[in-house]
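Have the picture open as you read.

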Amino acid sequence: MDKKFLIKRLPLVLVLVLLLPSCALKERFQEFKDDNLERAKVFLARLPLVKRYVSLYPPPKEFYQEVKGMVEWIKGAKVPDLYKEEQKAVLKHWEEIENLYKSKYYRRCERELKKLKPKAETLKNKLETYRETLKREAMQKYQALEQKAKEVLKTKKGEDRLKIELYLWKLRSLITLEDYDSFNKEIENAPF
């Protein structure tokens, strides 16, 4: 019974096995064809007498600017060692996209932007979550220290009071600047 069932299903299985890779090959062939056509158009668009007869794919300006904003944010963010490799991969991919955009390969650029956008969004979300966690922890430490400082300030006057207030101001500034390493060092050296 099992052999007959398998023999009846064998043609279906063979068709599926042969057709699925061919679908992927079709997509790759289409991309290859589109890329070569775009290269030819860009080449012709650079020739003085021919360029008015050649129309290039329209540039994805808004999409490009949207992803550029995310990448610039990622570049400016303090990235912990945990996410360094992801950041390098995103920035390398972004450089390739910038080169495509500058060279006017807009179709390929748009295709690569679609691949990069989810990666950049994921990394940005991870970094924002990490920053928020650090800030929340620092604020909790600061608030606990501030409560102790309020108790001490009730008894202190003059120069000692000023030192404590300046110390608290410095801690708040470090939190605002997101310099959590310095914050953690400073919090250990409390003047009270």
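Start with helix α3 (residues 84-102) and helix α4 (residues 106-153), whose axes come within 9 Å and cross at roughly 155°. Axes here are lines fitted to C-alpha atoms, for helices over the stretch in contact, with angles from 0 to 180 degrees between N-to-C directions; helices are DSSP runs (H or I, at least four residues), numbered from the N terminus. This is a predicted model, where local features need pLDDT of at least 70 and side-chain atom pairs count only at pLDDT 80 or more, while totals for chains, interfaces and linings use all residues. Residues are numbered from 1 along each chain as its sequence is written, and side-chain values use heavy atoms, leaving out hydrogens and water.

The crossing of α3 past α4 is left-handed, meaning the near helix is turned anticlockwise from the far one by less than a right angle. Contact means heavy atoms within 4.5 Å, and on the α3 side the residues that meet α4 include V90, W94, I97 and Y101. Among their partners in α4 are C109, L113, L116 and L123. The residues of this α3 and α4 contact divide into eleven nonpolar, two polar and six charged. (Ala, Val, Leu, Ile, Met, Phe, Trp, Tyr, Cys and Pro count as nonpolar, Asp, Glu, Lys and Arg as charged, and the others, Gly among them, as polar.)

Now stay on α4 and look for helix α2 (residues 61-76). Their axes come within 9 Å and cross at roughly 35°, and α2 passes α4 in a left-handed crossing too. Their contact has 13 nonpolar, no polar and eight charged residues.

What about α4 and α6? Their axes come within 11 Å and cross at roughly 20°, so α4 and α6 are roughly parallel to each other. From α4, the contact includes L134, A138, Y142 and L145, and from α6 it takes in Y180, F183, N184 and I187. By class, that makes seven nonpolar, one polar and three charged residues.

Terms used. Helices (H or I, at least four residues) and strands (E, at least two) are DSSP runs, numbered from the N terminus. Angles under 35 degrees count as roughly parallel, over 145 as roughly antiparallel, 65 to 115 as roughly perpendicular and the rest as oblique.
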